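Please report on the fold, the sheets, the backbone and the aromatic rings of this protein. Keep it brief.

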Amino acid sequence: MRRGNPHLIGAAVLVSCLTLAAQAAAQQGSGIAGVVRDDSGAVLPGVTVEAASPALIEKTRSAVTDGAGQYKIVNLLPGTYAVTFTLPGFTVFHREGIELTTNFTAQVNADLKVGALEESVTVSGASPLVDVQSAQVSQQVTRPALDAIPTGRSVQAIGKVLPGITTSGGERGGVDVGGTAGFQSVTLNSHGSRGDNVYQIDGMTVQSGIGNGTAAQYYNDGQFEEYTYTTSAIPAEVAYGGVRIQMTSKEGGNAFHGYGLAQIEPWQTSNFTTDLEKAGLRVPDGVMELWDTQVSLGGPIKKDRLWFFTVHRYNGGNFLVGNSFYRDQAVCDQFGTDAERAHGCQGVDDNYELSNVARLTWQATKNHKIAGFYSKENKQRGHRELAAGVSPESSTPQDMRLSYSAALKWQAPLTNKLLWDAGVSQYFLNYTFTYLPGAAAYQNLGYQDLTLSTRWGARPGGLFHRNNYKRYYSASLAYVTGSHALKGGVQYNHAVEDSYYNVDPWHMVAQFRAGAASSVLVDNTPVFNKPGHDESGLFFQDSWTLKRLTINPGIRYDWFHPWVAEQTAPASPWLPERHFAAIDDMLSFKNWSPRFGVIYNLLGNGKTALKANVGKYVAIMGNGQADLYNPLGVLTDQRTWRDINGDLFPQYNEVGPSTLSNFGTRAPRFQDPNVEREKQMEVSAAVQHQLLPRMSVTAGYYHRMFYDLAQTVNTLVNVNTDYTPVQIPDPRGGGQTITVYNLNPAKLGRTNLVDTTSKTNRLYWDGIDLSAMGRFGEGGRLYGGASFGGSSQDLCDVVDPNFTGSLATPVWGRQYCKQSAPWRPLYKFGGSMPLPLGTQVSGTLSSFPGNSESVTYGVTRAIYPALVQTSITVPLDDPSSPDRYLPRINQLDLRFAKKIQLAGSRRLMLQFDMFNAFNSNPVLAAVTTFGPTVYRPNTIMQGRLLQIGSQIYF
């Protein structure tokens with residue numbers, strides 16, 4: 001076991017003594033709706049319905065029932081509400097204790113009796129759990145629940161513990177044990193989605209425009225009162241169909257409130273076994289330090305008019321990386337950190353984040369509220385890209401101290417029927433990669449062994465600096481009657497990027513195969529890269545109730561236009577200076593996306609809902625779309641290397657000629673005038689039932705189809721006539737052969753790339769979700785679910801008969817173009833339970849299927865001398881039925897807490913957390929390149945972490 005830093009333990013004690021905190025506030029998206037009748041069951045028009053809650057700064061919001069006796073109150077903030085029904089000649093009816101979360105509309109009906117207004121009837125009971133007004137599938141995590149259950153306190157770590165949601169990308173396979181995977185963001189997926197996440201703070205999108213547009217900020221958890229994850233039937237106000245993450249901000253109020261958090265991880269249990277050691281894992285990942293501290297304060301600047309809220313967070317972690325060691329002891333001795341030398345020159349992934357958030361809320365008039373925030377982000381990674389097989393000096397320090405996000409929002413219920421919402425937000429992403437001092441020992445040249453999956457020397461990607469900002473504008477107007485809630489709006493965003501790449505000073509990477517000089521990866525840097533895009537949307541979304549039936553029709557129009565600014569690239573040893581004019585004539589994408597949902601209140605009491613939805617969504621896009629046609633993007637050229645003098649250092653005269661006719665400038669790439677934006681169609685059907693007063697169950701079927709898939713065709717190469725199938729021996733023996741497709745020598749280096757759309761290629765996902773959630777006692781919560789599903793593909797409209805993708809993405813090749821993966825279940829359970837004497841136990845349990853271990857084989861001219869291409873990667877297994885799978889990932893996290901009531905409203909919670917309580921050690925990643933190290937484990941799940949902490953409120 002490893003003992004934590006004593007200074008961090010002292011910091012934990014100090015923060016525990018602070019009396020700071022935050023009052024909950026929230027964002028729009030919730031509502032209360034229902035029907036009012038008299039004693040005889042006849043509907044009552046003209047009834048005044050008033051919803052009151054401390055969550056509303058204007059205190060109350062009202063509506064009037066229509067001719068069908070129906071009413072809707074929308075755009076409410078999450079919180080606890082009391083609803084009052086009044087009509088002259090009838091007694092007043094009160095319903096109390098209605099709990100609203102984001103994206104949930106509570107069904108609250110009333111039966112009024114004839115009588116005097118002075119008479120009243122008050123009813124309190126369990127809050128409705130079934131939404132009979134919306135087809136959306138959303139899961140909410142409120143602040144009390146979040147503070148109770150053990151998580152890594154990032155938006156992704158929180159989402160991952162919810163039923164039906166998985167993660168991809170990031171560090172350590174995205175498996176988060178107590179926050180160990182929280183220093184490199186991952187994407188959230190559900191029901192077969194492909195990472196198209198939308199992050200919104202108080203309804204305003206806040207994320208970057210780099211790549212495909214999904215990259216997000218490292219949001220400060222202390223900023224938010226509630227998280228909502230929508231995974232199906234996303235309404236027309238959002239363009240994309242993956243996972244929509246809505247974060248509801250905390251706000252100040254008319255009284256000062258504060259909060260403090262301190263968590264440290266002082267101990268870890270080893271989960272390394274002799275079996276793992278025999279399989280090739282020299283040492284596992286390990287935690288050296290892990291900490292999280294927060295302080296926040298909110299309150300009035302001017303009572304009933306102006307409030308503030310501020311939160312400050314300092315968190316970090318230092319981790320030993322499994323199978324990462326300095327290649328050379330002398331480099332470790334001279335350039336390694338103290339921690340690395342103290343642990344046998346094993347690589348250490350060191351991280352910390354500083355985040356500061358300030359928020360102001362101004363109630364300008366009773367009906368006009370303006371709120372804004374500024375969030376400063378400073379993330380530092382000492383060794384990004386450090387992984388198994390990577391010598392620490394070949395990783396890179398990452399500096400993000402200038403990044404920030406900000407937003408300003410104006411909300412106004414102009415009348416009881418007309419609601420206005422407008423805002424602007426901006427995210428500025430700034431970070432740099434540089435060489436570590438140890439790279440100087442290798443003259444700042446990068447090295448790779450493609451067979452052994454190892455890397456040393458300088459970082460292969462060289463020096464890198466990125467500035468990216470994306471600004472969003474939005475405005476909407478909602479018109480609400482008793483039966484209708486019609487909302488329309490416009491959105492616009494503008495993204496600009498300025499990046500710099502330089503593999504200095506050699507502009508190449510030496511590549512080996514099993515220790516023998518093989519090839520050189522030449523690049524075209526230095527490069528200044530300046531892509532951007534503009535995007536706008538127009539949407540209308542309605543909710544129309546006809547007795548027990550509610551329909552959610554919607555329509556959306558999206559326009560996306562990429563562009564590239566003027567650029568210049570300095571000269572390098574391989575290339576002269578190059579200059580390129582701005583490009584603003586790329587094709588724009590214009591798309592209509594209809595959405596339609598239907599909800600049937602089966603029994604009329606709001607406790608059972610049948611839901612169905614069909615919706616079309618466009619693929620998320622970012623600056624990566626402009627980069628496709630940017631002539632100055634970063635390019636690499638794999639060239640042969642004859643190590644004439646045997647010094648294992650490539651001299652320029654040892655490097656073979658380029659196989660590209662236009663190296664230095666991207667090959668001409670054009671768009672088919674009829675090219676389409678990729679799309680997906682989602683179809684779902686579900687039944688939701690309130691089984692008990694505080695428990696509901698849901699069963700749903702989900703189908704997703706991706707179509708209009710992009711493909712890039714080289715018009716100078718015919719996929720049917722310019723490739724010859726060649727049989728080569730299977731390296732695994734047994735007399736079997738494998739097929740590769742050899743290119744016609746006359747076509748080598750000849751390119752004319754045209755981006756078009758395949759009308760026959762398809763990706764599919766089908767699955768079933770079963771889930772339940774319930775509340776009990778004072779603060780008790782339980783949830784759980786099982787997801788069964790799998791993907792399939794028909795991608796036989798190929799542009800290259802060889803395997804050209806990766807086993808984690810669709811396989812674009814002739815042999816395995818049509819696949820269907822087996823359904824592999826995913827299980828999630830969690831919750832918190834109050835116990836006597838102010839104690840509490842909580843936890844989460846998840847079980848994920850492991851990834852496949854399908855093996856690939858790199859075919860080179862050393863294996864087949866007549867090969868025209870430099871190399872071809874061949875799958876040795878059928879990706880749809882591999883020989884091996886990594887083991888299931890079973891993770892149990894527990895928390896034991898004791899609540900201590902202090903003077904007044906102050907309270908303290910002391911907690912003891914146990915992450916990975918089973919001390920599981922499943923392999924998360926292994927070598928899948930055929931060779932001496934195939935199947936060697938690279939990363940396993942972090943061992944059991946024992947963490948102490950405290951939270952204080954007042």
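The report below goes from the whole chain to single residues.

## Basis of the model

This is a predicted model: local features need pLDDT of at least 70, side-chain atom pairs count only at pLDDT 80 or more, and totals for chains, interfaces and linings use all residues. Residues are numbered from 1 along each chain as its sequence is written, and side-chain values use heavy atoms, with hydrogens and water left out.

## Overall architecture

The protein has seven helices and 57 strands. Helices (H or I, at least four residues) and strands (E, at least two) are DSSP runs, numbered from the N terminus. The radius of gyration is 29 Å, close to the 30 Å that the globule rule gives for 954 residues, so the protein is as compact as a globular protein of that length. That radius is taken over C-alpha atoms, and the globule rule is 2.2 Å times the number of residues to the power 0.38. Along the principal axes, the C-alpha atoms fill a box of roughly 105 × 65 × 55 Å.

Of the 954 residues, 58% count as buried. Buried means under 20% relative accessible area, exposed means over 50%, and partly exposed is in between (1.4 Å probe, protein chains only). The protein exposes about 36100 Å², and carbon and sulfur atoms supply 59% of that area. Accessible areas come from the Shrake-Rupley method with a 1.4 Å probe; for residues, only the protein chains shown count as cover. Among contacts with a separation of 6 or more, residues 24 or more positions apart account for 73%. A contact means heavy atoms within 4.5 Å.

## An open five-stranded sheet

Five strands form an open sheet with mixed pairing, in the order S10-S15-S16-S13-S14. Strand S10 (137–142) and strand S14 (204–205) stand at the edges, each with a single partner strand, so one side of each is left without a neighbour in the sheet. Two strands pair if DSSP finds at least two bridges between them.

Strand S13 (residues 197–201) runs antiparallel to S14, and two bridges join them. Ile201 has Met204 in S14 as its bridge partner.

## An enclosed strand

Strand S45 (residues 753–758) has six of its six residues buried, so it is largely enclosed by the rest of the structure. Strand S39 (residues 669–671) pairs with S45 in the parallel sense over three bridges. Here Phe670 stands opposite Val754.

Strand S42 (residues 709–714) is antiparallel to S45, with six bridges between them. Thr712 stands opposite Asp755 in S45.

## Backbone details in loops

Asp504 to Pro505 is cis, with omega near 5°. Pro505 lies in the loop between strand S28 (484–502) and strand S29 (508–513). Thr525 to Pro526 is also cis, with omega near 5°. The loop of Pro526 runs between strand S30 (516–523) and strand S31 (527–529).

Glu385 is not a glycine, yet has a positive phi of about 75°. The loop between strand S21 (368–384) and strand S22 (396–399) holds Glu385. Glu385 is partly exposed, with a relative accessible area of 25%. Asn919, also not a glycine, has a positive phi of about 55°. Asn919 sits in the loop between strand S54 (907–915) and strand S55 (923–926). Asn919 counts as buried, at 16% relative accessibility.

## Aromatic rings and charges

A pair of aromatic rings is described by the distance of the centres and the angle of the planes. Rings of Phe, Tyr and Trp (its six-membered ring) pair if their centres lie within 6.5 Å; planes under 30 degrees apart count as stacked, over 60 as edge-to-face and the rest as tilted. By this rule there are 29 aromatic pairs. One of them is Phe224 with Tyr227, edge-to-face at 5.7 Å centre to centre and 65° between the planes. Phe224 is buried at 0% relative accessibility, and Tyr227 is buried at 2%. Elsewhere, ring pairs link Tyr442, Tyr447, Trp456, Phe512 and Trp641 into a cluster.

Charges also sit over rings. The criterion is NZ of Lys or CZ of Arg within 6 Å of the ring centre and within 35 degrees of the ring normal. Lys160 lies over the face of Phe848, at 4.8 Å from the ring centre. Arg639 lies over the face of Trp574, at 5.1 Å from the ring centre.
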